[in-house]
Amino acid sequence: MFKSRVLLVVSGHFIHDCYIGFLPIFIPLLVQSHGLSMTMAGLFIVCYRMPTVFSIPLGYLNDRKNMCLPFVLAPGIVAVILSSFAMLDSLPLAYTAMVAAGLCSCVYHLVGPALLSQKSQRHTLGKYMGLWMLCGEASRFVAPILGALAVGWWGFGQSVWPFVYVGLACSAVLFWGLRGASTLTKAARKPSMRESLHICLPVVLPLLPVIIAQGFLGPALFAYLPSFLVFQGHTLVQGGSGLGLFEACGLCGAFLGGAASDKFGRRALLRACYGASIVLLPALLYAQSIFLYIMLAFLGFFSLMSAPVVMATIMQNIPEEFRGIGNGIYMCANFVCASLGIFCYGLLIDWVGFSGAFATSAALGLCCLFFIQRIKEAPAAKL
């Protein structure tokens, strides 16, 4: 029964995240059809991500109230909003709709890992977090392709309406499959926000250097990798192919990293991840021909490996009744660090070039090796 719920939750994650994956395809079309500037169009993504700053209070609410109903409704609501906002004539209304979609997305990403951690054993927690990450990352790979095909077949405006029914069907299946499920635990009393933070912060704060380095290795590298390849003299098609290879290998790393950490331990996998980055990032600057793509494959594999391991570490070391707010703290920290990582990476590239930016990322990976030793971890499972 629990494994079937795991399949439902992670499959819903894939469908849910596909809708925001359409947005990069729609932005240039919105600029053309509505006469928007790139800044105004980019605000759609900002508005969608804005509710992430409320992850901590929403996580606290998840620990005190049953959030299953908002969870199952989220894919359907996001599907309707993301499929219709292009036809909204009022720009403030479109921005408001994106904030509402972002709030639903925040709830889904908060409740999902907490549901997966329920009744999961020490030797399966990393695997479930890896499956969660695998489906989320796979949507980023698939959604732009589906969005481009939909625009080609049906034209912009009406192109994604057929996908509305997929989101609504996803909510209906989740509602049926998760009936009777609850995010609440059998705790004798409900702790205050202060007590919850007192329990969770000692677990999450030692992971903060890892989360900061994760922002430089994952989102920042993803954002600037095609530019790096083009500046190295490669074509835009080769840059896109390199990014696709990076993301595809990252999918494997996200899943296998979580599962491997169940067997070998969380700290061992984090050491492998950041130890590899110290070697691969400088090597990428000098790799040529087929070796460049080999370096990109390994870098993609290790750069996304850390996320499910960090999530599993948090879930394993926080009591079940605090996992909602624990995941909320992680989401908020990850959002801030990823945003700062992308911004700082751009500044570093402008100031010292890609070589300096890569060297900074490698240095962060080296620093992480020291902090990883301070992370609390249960003994590795005996399989």
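Biologist: How much space lies in the largest cavity?

Modeller: This is a predicted model. The structure holds 2 cavities of 30 Å³ or more. The space in the largest cavity is about 50 Å³.

Biologist: Which residues lining the largest cavity are closest to its centre?

Modeller: The lining of the largest cavity draws two or more residues from each of α4 (55-64), α6 (91-117) and α16. In total, 10 residues line this cavity. Closest to its centre are Ala114, Gln118, Thr183, Glu320 and Arg323.

Biologist: What is phenylalanine 358 in contact with, leaving aside neighbours within four places in sequence?

Modeller: Contact here takes heavy atoms within 4.5 Å. With those sequence neighbours left aside, the partners of phenylalanine 358 are Leu221, Phe228, Leu281, Leu284, Leu285 and Tyr345.

Biologist: Is glutamine 288 buried, partly exposed or exposed?

Modeller: Glutamine 288 sits in the loop between α13 (266-286) and α14 (289-303). Its relative accessible area is 49%. Buried needs under 20% and exposed over 50%, so glutamine 288 is partly exposed.

Biologist: How far apart in space are glutamine 288 and valine 173?

Modeller: In sequence, glutamine 288 and valine 173 are 115 residues apart. From C-alpha to C-alpha, the distance is 48 Å.

Notes
Residues are numbered from 1 along each chain as its sequence is written. This is a predicted model: local features need pLDDT of at least 70, side-chain atom pairs count only at pLDDT 80 or more; totals for chains, interfaces and linings use all residues. Side-chain values use heavy atoms; hydrogens and water are left out. Helices (H or I, at least four residues) and strands (E, at least two) are DSSP runs, numbered from the N terminus. Buried means under 20% relative accessible area, exposed over 50%, partly exposed in between (1.4 Å probe, protein chains only). On a 1 Å grid over the protein atoms alone, a cavity is a set of points where a 1.4 Å probe fits but cannot get out, and a pocket is an open set with protein on both sides within 12 Å along at least five of seven lines; lining residues have an atom within 4 Å of a point. Grid points are joined across faces, edges and corners, and a volume is the space filled by probe spheres set on the points.
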